[in-house]
Amino acid sequence: DTPANAEDWLRRWPLAKFPVLVDGARTIAEASIIIEYLQLKHPGPARLIPGDLDAALEVRFLDRFFDFHVMDAMQIAVETKLGRIPAPPEEG
C-alpha cells in the first residue's frame, strides 16, 4: 500500500519474497538465514538454534521440511491474493 516501501523492498530483494530483515546497512533474506543471523549477531535470552549439534540438525531439518513441503502449498494462497496467479483470491 506504500509505493516507497515497495520500492525499497524490491531494491533490497528483487525476488519479491518475504521475509526480509534489514539490520543497519545489511539486508538478510530468507527465514532460515534470518534465524541463523539473529542467533549469531543478536543473541537473546533464548537460543534460536540449539547448541547441541544433533538437535541443531533436527531443527534445520524441520525448517527445510516445512519450507519445502508445507509452505510451498501455502504460497499459492499468497500469490493468488497478490494477483500473481490469475484466479480469484478465494480459490488460492
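Visitor: In the hairpin of β1 and β2, which residue takes a positive phi?
Guide: G24 takes a positive phi near 65°, in a hairpin that has 2 residues between the strands. The model is a predicted one: local features need pLDDT of at least 70, side-chain atom pairs count only at pLDDT 80 or more, and totals for chains, interfaces and linings use all residues. Residues are numbered from 1 along each chain as its sequence is written, and side-chain values use heavy atoms, with hydrogens and water left out.

Visitor: In which sense do β1 and β2 pair, and over how many bridges?
Guide: Strand β1 (residues 20-23) pairs with strand β2 (residues 26-29) in the antiparallel sense, over 4 bridges. Two strands count as paired if DSSP finds at least two bridges between them.

Visitor: What stands opposite L21?
Guide: The residue opposite L21 is I28, in β2.

Visitor: How many helices and strands does the chain have?
Guide: There are 4 helices and 2 strands, and from the N terminus on they run α-β-β-α-α-α. Helices (H or I, at least four residues) and strands (E, at least two) are DSSP runs, numbered from the N terminus.

Visitor: What about the overall dimensions?
Guide: The radius of gyration of the chain is 16 Å, whereas a compact globule of 92 residues would have one near 12 Å. That radius is taken over C-alpha atoms, and the globule rule is 2.2 Å times the number of residues to the power 0.38. Along the principal axes, the C-alpha atoms fill a box of roughly 45 × 35 × 20 Å.

Visitor: What share of the residues is buried?
Guide: Buried residues make up 13% of the 92 residues. Buried means under 20% relative accessible area, exposed over 50%, and partly exposed in between (1.4 Å probe, protein chains only). The chain exposes about 7200 Å², of which carbon and sulfur atoms supply 63%; accessible areas come from the Shrake-Rupley method with a 1.4 Å probe, and for residues only the protein chains shown count as cover.

Visitor: Which residues of α2 are buried?
Guide: They are S32, I34, Y37 and Q39. Their cover includes β1, β2 and α3.

Visitor: And I35, is it buried or partly exposed?
Guide: I35, which lies in helix α2 (residues 31-41), counts as partly exposed because its relative accessibility is 35%. Leaving aside neighbours within four places in sequence, I35 is in contact with L48 and I49, where contact means heavy atoms within 4.5 Å.

Visitor: Switching to charges: how many salt bridges does the structure hold?
Guide: The structure holds 7 salt bridges, each being a side-chain nitrogen of Lys or Arg within 4 Å of a carboxyl oxygen of Asp or Glu. One of them joins D8 to R11, with the closest N and O atoms 2.4 Å apart. Both residues lie in helix α1 (residues 3-12), 3 residues apart, about one turn of the helix.

Visitor: What does R60 form a salt bridge with?
Guide: The partner of R60 is E36, and their closest N and O atoms are 2.7 Å apart. This pair links distant parts of the chain, with R60 in helix α3 and E36 in helix α2, 24 residues apart. Elsewhere, salt bridges that share partners join D8, R11 and R12 into one network.

Visitor: Where is E79, and what does it touch?
Guide: E79 is in helix α4 (residues 71-81). Not counting residues up to four places away in sequence, E79 touches K17, R84 and I85. E79 counts as buried because its relative accessibility is 11%.

Visitor: Last topic: which residues form the nonpolar patch on the surface?
Guide: F61, L62, F65 and F66 form it, with about 380 Å² of accessible area together. Patches are made of residues with over 30% relative accessible area and no salt bridge; like charges are joined within 9 Å, nonpolar side chains (Val, Leu, Ile, Met, Phe, Trp, Tyr) within 5 Å. F66 is found in helix α3 (residues 53-69), and with a relative accessible area of 44% F66 is partly exposed.
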